[in-house]
Amino acid sequence: MRIATFNVNSITARLPRLLAWLESSGTDVLCIQETKCTAEQFPADALKELGYESAVNADGRWNGVAVVSRVGLDDVVKGLPGGPEYGGVQEPRALSATCGPVRVWSVYVPNGREVTHEHYAYKLAWLEALKAAVAEDAAGGRPFAVLGDYNIAPTDDDVWDPAFFEGMTHVTEPERAALAGLREAGLADVVPRPLKYDRPFTYWDYRQLCFPKNRGMRIDLVYGNEPFAQAVKDGYVDREERKGKGASDHAPVVVDLDL
């Protein structure tokens, strides 16, 4: 079974590439972030033609998440139970579903913006709510994983230059402590292998030639429970999908399971 996570940075802008990638990669389940569309605008019909069912949590702004599956899609829960609000609403940043033998969450963790910004406090509160919300699924006997854009680099090795990010979000100790909290809840970081270079970065800014210079970060993560982690046979960052015209600024993270 092949499961992947991909921040598409607008599914409308990326749709032709996404459909081609799904077909060529043989992905069974894809967790999508940053759809940037309403639920009604989500291209469920185009995905259905490839054999994928869709579950979507989106409101048309810059966030939005989805799970698409060709191995079943059941027990869908939209939103983060007990999650905090921002601007008076609970943003569409989480969706969970059962796909065949595996339970998955697709998450788009708040960016945080700046350490002094209220969005940073919101990010930490959101991660605390995530830890509580996934505890039951993590403790269950079936394979389970939380996949998505966490907007956190777990260690200094997960950014191209730690000095460059000093004082910024994505690398602060409270954010990394929140990831440690997920590990304490029974989830392990399933680290993919890079297809090029020595570190599996998943995001490269569009500006300043960051991609060709490999000035990246590993912020798209797969956190799985023990049954999930034990079933992993391979994992990689599909860096090729970051290349060329019309690419997202993220690359898909792909995990192969033997179930």
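Reply: Happy to. What covers the buried residues of helix 4 includes helix 3 and strand 12. Here helices (H or I, at least four residues) and strands (E, at least two) are DSSP runs, numbered from the N terminus. This is a predicted model, where local features need pLDDT of at least 70, side-chain atom pairs count only at pLDDT 80 or more, and totals for chains, interfaces and linings use all residues. Residues are numbered from 1 along each chain as its sequence is written, and side-chain values use heavy atoms, with hydrogens and water left out.

Me: Which residues of helix 4 are buried?
Reply: Buried means under 20% relative accessible area, exposed over 50% and partly exposed in between (1.4 Å probe, protein chains only). By that rule, the buried residues of helix 4 are Glu175, Arg176, Ala178, Leu179, Gly181 and Leu182.

Me: What distance does helix 4 reach from its first C-alpha to its last?
Reply: Helix 4 covers residues 173–184, which makes 12 residues. The expected span is 1.5 Å times one less than the number of residues, and this gives 16 Å for helix 4. The model comes close to that, with a reach of 16 Å.

Me: Which residue with a positive phi follows helix 4?
Reply: The phi in question is near 100 degrees. It belongs to glycine 186.

Me: What is the strand order in the open sheet of 6 strands?
Reply: Two strands pair if DSSP finds at least two bridges between them. The edge strands, each pairing on one side only, are strand 5 (74–78) and strand 9 (188–189). With mixed pairing, the order is 5-6-7-8-12-9.

Me: What angle does the direction of helix 3 make with that of strand 7?
Reply: Helix 3 (residues 118–139) packs on the sheet, touching strand 6 (94–99), strand 7 (102–108) and strand 8 (144–149). Contact means heavy atoms within 4.5 Å. Axes are lines fitted to C-alpha atoms, for helices over the stretch in contact, and angles run from 0 to 180 degrees between N-to-C directions. For helix 3 and strand 7 the angle is about 175 degrees.

Me: How many residues of strand 1 are buried?
Reply: Arg2, Ala4 and Phe6 point one way from strand 1, Ile3, Thr5 and Asn7 point the other way, and all are buried. In a regular strand the side chains alternate between the two faces of the sheet. Strand 1 (residues 2–7) is largely enclosed by the rest of the structure, because the buried count is 6 of the 6.

Me: Which strand runs parallel to strand 1?
Reply: Strand 14 (residues 253–257) pairs with strand 1 in the antiparallel sense over 4 bridges, and isoleucine 3 stands opposite valine 255 there. The parallel partner is joined to strand 1 by 5 bridges, with threonine 5 opposite cysteine 31. That partner is strand 2.

Me: Is asparagine 63 buried or exposed?
Reply: Asparagine 63 sits in the loop between strand 3 (53–57) and strand 4 (65–69). Not counting residues up to four places away in sequence, asparagine 63 touches several residues, including Glu34, Arg93 and Tyr108. Because its relative accessibility is 0%, asparagine 63 counts as buried.
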